[in-house]
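Have the structure open and follow along.

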Amino acid sequence: PLHLQQAVMAEGSIAGFNPSAVLMARIRKVESSANAQLSASAAAAIGAPGVHRPRAETIAAAAAGDPVAKFCMQHQVDYSAENALKALPIELQCKILNEGPLRASNPSAVLMSRIRKAQTLLAEMRRLGQISV
């Protein structure tokens, strides 16, 4: 599937003695991650405890094509991180989404870190008069 191909390619260039082996390892990792996400989605759908379940509003927005909602669902971020991302100007939302996947045991914390950096950048740009308040 295209989204898995994109995930493999998002890993960047291949370096090493055996590029084929590196590529195959990346493919296995992405496939394994996709299978884990499917299992988590199925568990969330039945309400399994300890599994992130997106809000109905987020699901509807993602289905309507909202990239922020899709990103938040894909990475299973919590409600407060999702709202903090949505509160940013569109340009900063795009910048954060373009930083790539939230690869961590706590994706919400990684997202909040990116948001804080973006907010600092925004405040500095305002201070320098590069953008209006």
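This is a predicted model: local features need pLDDT of at least 70, side-chain atom pairs count only at pLDDT 80 or more; totals for chains, interfaces and linings use all residues.

Start with helix α5, residues 79–86. Its buried residues are Ala81, Glu82, Ala84 and Leu85. Looking down the axis of α5, you'd find them within an arc of 160°, so they line one face of the helix. There's a simple bit of helix geometry to recall here: an α-helix has 3.6 residues a turn, so residues three or four places apart point the same way. What covers the buried residues of α5? The cover includes α3 (56–63), α4 (67–74), α6 (90–97) and α7.

Now have a look at α4, one of those covering helices. Here the buried residues are Val68, Ala69, Phe71 and Cys72.

Next, let's see how α5 sits against α7. Two packed helices are described by the angle between their axes and the distance between the axes. For α5 and α7 (residues 107–127), the angle is about 25° and the axes are 9 Å apart. Angles under 35 degrees count as roughly parallel, so that is how α5 runs relative to α7. The crossing of the two is left-handed.

Which residues meet there? From α5 come Ala81, Ala84 and Leu85, and from α7 come Ser108, Leu111, Met112 and Ile115. Sorted by class, this contact has six nonpolar residues, one polar residue and no charged ones.

Take Ser108, which sits in helix α7. Is Ser108 buried or exposed? Its relative accessible area is 7%, and buried means under 20%, so Ser108 is buried. Setting aside neighbours within four places in sequence, Ser108 is in contact with Gln76, Val77, Asp78 and Ala81.

Leu111 is also part of helix α7, and it is buried, with a relative accessible area of 0%. Not counting residues up to four places away in sequence, Leu111 touches Phe71, Val77, Ala81, Leu85, Ile96 and Leu102. Pick out Ala81 from that list: Leu111 and Ala81 are 30 residues apart in sequence, yet their C-alpha atoms are 6.7 Å apart in space.

Key. Residues are numbered from 1 along each chain as its sequence is written. Side-chain values use heavy atoms; hydrogens and water are left out. Axes are lines fitted to C-alpha atoms, for helices over the stretch in contact, and angles run from 0 to 180 degrees between N-to-C directions. Helices (H or I, at least four residues) and strands (E, at least two) are DSSP runs, numbered from the N terminus. Angles under 35 degrees count as roughly parallel, over 145 as roughly antiparallel, 65 to 115 as roughly perpendicular and the rest as oblique. A crossing is left-handed if the near helix is turned anticlockwise from the far one by less than a right angle, and right-handed if clockwise. Contact means heavy atoms within 4.5 Å. Ala, Val, Leu, Ile, Met, Phe, Trp, Tyr, Cys and Pro count as nonpolar, Asp, Glu, Lys and Arg as charged, and the others, Gly among them, as polar. Buried means under 20% relative accessible area, exposed over 50%, partly exposed in between (1.4 Å probe, protein chains only). The arc is that of the directions from the helix axis to the C-beta atoms.
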